[in-house]
Amino acid sequence: MSPIRQLPPSPLAAFRTVALGIGLPLFGVGLLMAGLLGVVSYGVLPSVESLRSRDWQPVEASIESVSLHGPPSSLHPPLDSVHIRYRYRVGDTDHDGVHYDPHDGQYAHDSSQSIVADLQASPRITVWVNPADPGDAMVFRELRWAVFLFTFPALALALVGALMLFAGMLAWSQAKPGWRPGKPDQP
């Protein structure tokens with residue numbers, strides 16, 4: 001008795017297998033990477049910067065310029081960026097600084113306008129200077145929770161991407177051997 005040979009899959013079934021086995025994991029990798037980038041940008045790096053600046057010393061500085069920039073595109077979170085340039089002196093050396101805070105000066109629109117108005121009203125501010133590297137300074141060294149909370153949607157995006165990657169890998173491994181592209185039908 002000869003073995004029963006499987007019929008080749010229909011084009012729709014083959015497309016579905018390829019879409020689930022290749023497309024889903026690729027899309028999942030994209031979401032995973034975007035989510036991890038958001039977690040690092042809004043959570044990890046600002047937290048490290050804030051902790052690193054705990055021992056820094058206050059120094060008086062003069063503001064040279066302050067400006068407000070909107071988000072670069074609609075793909076970015078709806079946060080404005082406060083750009084500042086200031087000059088301060090440590091010992092006998094003058095330094096220029098541009099670092100505003102651990103979140104790179106990103107604020108919600110209403111808050112950013114208020115901050116820029118306050119900075120423009122006073123030509124002198126206090127900056128926090130790294131005693132080990134006096135060229136390293138920032139104006140505000142605390143985490144801002146309104147910006148830090150962007151970490152959680154980014155984390156959710158990374159988790160969705162990881163689940164899509166896992167589901168695609170499962171779909172690929174569960175596919176019948178004859179349905180995989182490049183695999184010969186088995187008798």
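Here is the tour, stop by stop.

This is a predicted model, where local features need pLDDT of at least 70, side-chain atom pairs count only at pLDDT 80 or more, and totals for chains, interfaces and linings use all residues. Residues are numbered from 1 along each chain as its sequence is written, and side-chain values use heavy atoms, with hydrogens and water left out.

Rings of Phe, Tyr and Trp (its six-membered ring) pair if their centres lie within 6.5 Å; planes under 30 degrees apart are stacked, over 60 edge-to-face, the rest tilted. By that rule there are five aromatic pairs.

Start with Tyr42 and Phe150: a tilted pair, 5.6 Å centre to centre with 35° between the planes. Tyr42 is in helix H1 (residues 11-52) and Phe150 is in the loop between helix H3 (145-148) and helix H4 (151-174), so the pair ties together parts 108 residues apart in sequence. (Helices are DSSP runs of H or I, at least four residues, numbered from the N terminus.) Tyr42 is buried at 13% relative accessibility, while Phe150 is partly exposed at 25%; buried means under 20% relative accessible area, exposed over 50%, partly exposed in between (1.4 Å probe, protein chains only).

Next, select Phe148 and Phe152, an edge-to-face pair at 6.4 Å and 85°. Phe148 is buried at 15%, and Phe152 is partly exposed at 48%.

Last stop: charges over rings (NZ of Lys or CZ of Arg within 6 Å of the ring centre and within 35 degrees of the ring normal). Arg141 lies over the face of Trp128, 3.5 Å from the ring centre. Then pick Arg144, whose charged end sits over the ring of Tyr107, 3.6 Å from its centre.

Key
Helices (H or I, at least four residues) and strands (E, at least two) are DSSP runs, numbered from the N terminus.
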